[in-house]
Amino acid sequence: MNRAKLIPKMEDLNPDEPQLLSIASGKIARSWLARLNALLVDAVDQGASIGFLAPLSPHEANDYWEDVIARLGHEQRLVLLIAGQRLLGSVQLSLCSRANGRHRAEVQKLFVHSSARGHGHGRRLMRAVEAEARAAGRSLLVLDTEAGSLAETVYRRLGWSHAGEIPAFAASPDGELRTTALYFKLLKLGAASEQQPSRRHMA
């Protein structure tokens with residue numbers, strides 16, 4: 001599929017409507033850094049088991065995003081969902097660089113701000129990151145999430161397959177060890193997908 005067809009013209013964009021933003025530039029990502037920090041703190045405050053304990057300090061959040069920004073480009077992709085200057089959510093794609101794994105990638109850190117939930121934003125971000133994976137020639141995606149979480153319902157509805165669970169794998173923000181569920185999805189390459197969303201690419 002021609003990637004140019006996925007990018008709307010700037011004059012066609014409505015600043016009040018949610019738009020997908022695919023970022024490959026550290027400079028562009030840093031322009032969203034304060035809002036990325038707030039998004040991460042919100043996720044931890046809401047109890048998301050994403051590798052951090054509560055309370056998450058602004059310094060910790062900033063260090064995390066600086067590490068992500070440093071890896072943007074060849075191996076790491078970042079997709080934002082924005083409405084004007086508001087950051088509604090984000091998701092990341094980590095491309096495996098090993099010689100025997102260049103067909104796969106891992107979906108990481110799907111965030112939707114608590115004030116923006118219930119509008120299908122998580123599904124839209126997931127479809128966008130799948131489109132990024134296809135464009136990178138990746139036919140297998142994997143992810144993990146907290147077992148029994150709402151995210152599991154989203155993934156299953158989007159065609160992800162449950163591979164198994166690992167008990168007491170990761171601590172929740174309050175320190176409780178919780179079960180992690182593993183998911184995978186096989187992607188068809190070489191054919192245009194009707195569900196690939198429009199998005200802007202920022203190099």
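By class, the residues that line the second largest pocket are 7 nonpolar, 1 polar and 4 charged, where Ala, Val, Leu, Ile, Met, Phe, Trp, Tyr, Cys and Pro count as nonpolar, Asp, Glu, Lys and Arg as charged, and the others, Gly among them, as polar. The structure is a predicted model, in which local features need pLDDT of at least 70 and side-chain atom pairs count only at pLDDT 80 or more, while totals for chains, interfaces and linings use all residues. Residues are numbered from 1 along each chain as its sequence is written, and side-chain values use heavy atoms, with hydrogens and water left out.

The chain has 5 helices and 8 strands, which are DSSP runs numbered from the N terminus (helices are H or I, at least four residues; strands are E, at least two). From the N terminus on, these elements follow one another as β-α-α-α-β-β-β-α-β-α-β-β-β. Of the 203 residues in the chain, 42% are buried; here buried means under 20% relative accessible area, exposed means over 50%, and partly exposed lies in between (1.4 Å probe, protein chains only).

A pocket is defined on a 1 Å grid over the protein atoms alone, as an open set of points where a 1.4 Å probe fits, with protein on both sides within 12 Å along at least five of seven lines, and its lining residues have an atom within 4 Å of a point. Grid points are joined across faces, edges and corners, and the volume is the space filled by probe spheres set on the points. The lining of the second largest pocket is made of S94, L95, C96, R98, R104, A105, E106, V142, L143, D144, L182 and Y183, and the elements that give two or more residues to this lining are β3, β4, β5 and β7.

The largest pocket holds about 1100 Å³ of space. It is lined by 42 residues, of which A48, L110, T145, A151 and Y155 are the closest to its centre. Two or more lining residues come from each of β3 (86-95), β4 (104-112), α4 (121-135), β5 (140-146), α5 (150-157), β6 (161-171) and β7 (177-186), and β4 gives the most, with 7 residues. Sorted by class, this lining has 17 nonpolar, 16 polar and 9 charged residues.

Charged side chains also meet one another in this model. Side chains of opposite charge can pair when their charged atoms come close. A salt bridge is taken as a side-chain nitrogen of Lys or Arg within 4 Å of a carboxyl oxygen of Asp or Glu, and by this rule there are 6 salt bridges. In one of them, E130 pairs with K185, and the closest N and O atoms are 3.0 Å apart. This pair links distant parts of the chain, since E130 is in helix α4 and K185 is in strand β7, 55 residues apart. E130 is buried, with a relative accessible area of 5%, and K185 also counts as buried, at 13% relative accessibility.

Another salt bridge joins E146 and R178, whose closest N and O atoms are 3.0 Å apart. Because E146 lies in strand β5 and R178 in strand β7, this pair ties together parts that are 32 residues apart in sequence. R178 also meets E176 in a salt bridge (3.9 Å, N to O), and E176 counts as partly exposed, at 45% relative accessibility.

Together with V142 and F184, L186 makes a nonpolar surface patch of about 250 Å². Patches are made of residues with over 30% relative accessible area and no salt bridge, with like charges joined within 9 Å and nonpolar side chains (Val, Leu, Ile, Met, Phe, Trp, Tyr) within 5 Å, and accessible areas come from the Shrake-Rupley method with a 1.4 Å probe, where for residues only the protein chains shown count as cover.

Some details of the backbone remain. Most residues other than glycine have a negative phi, and most peptide bonds are trans. A cis peptide bond, with omega about -5°, joins A54 and P55, and P55 lies in the loop between α2 (33-45) and α3 (58-70). K109, in strand β4, has a positive phi near 50° and is not a glycine; this residue is partly exposed, with a relative accessible area of 26%. A168, in strand β6, has a positive phi of about 50° although it is not a glycine, and at 46% relative accessibility A168 counts as partly exposed.
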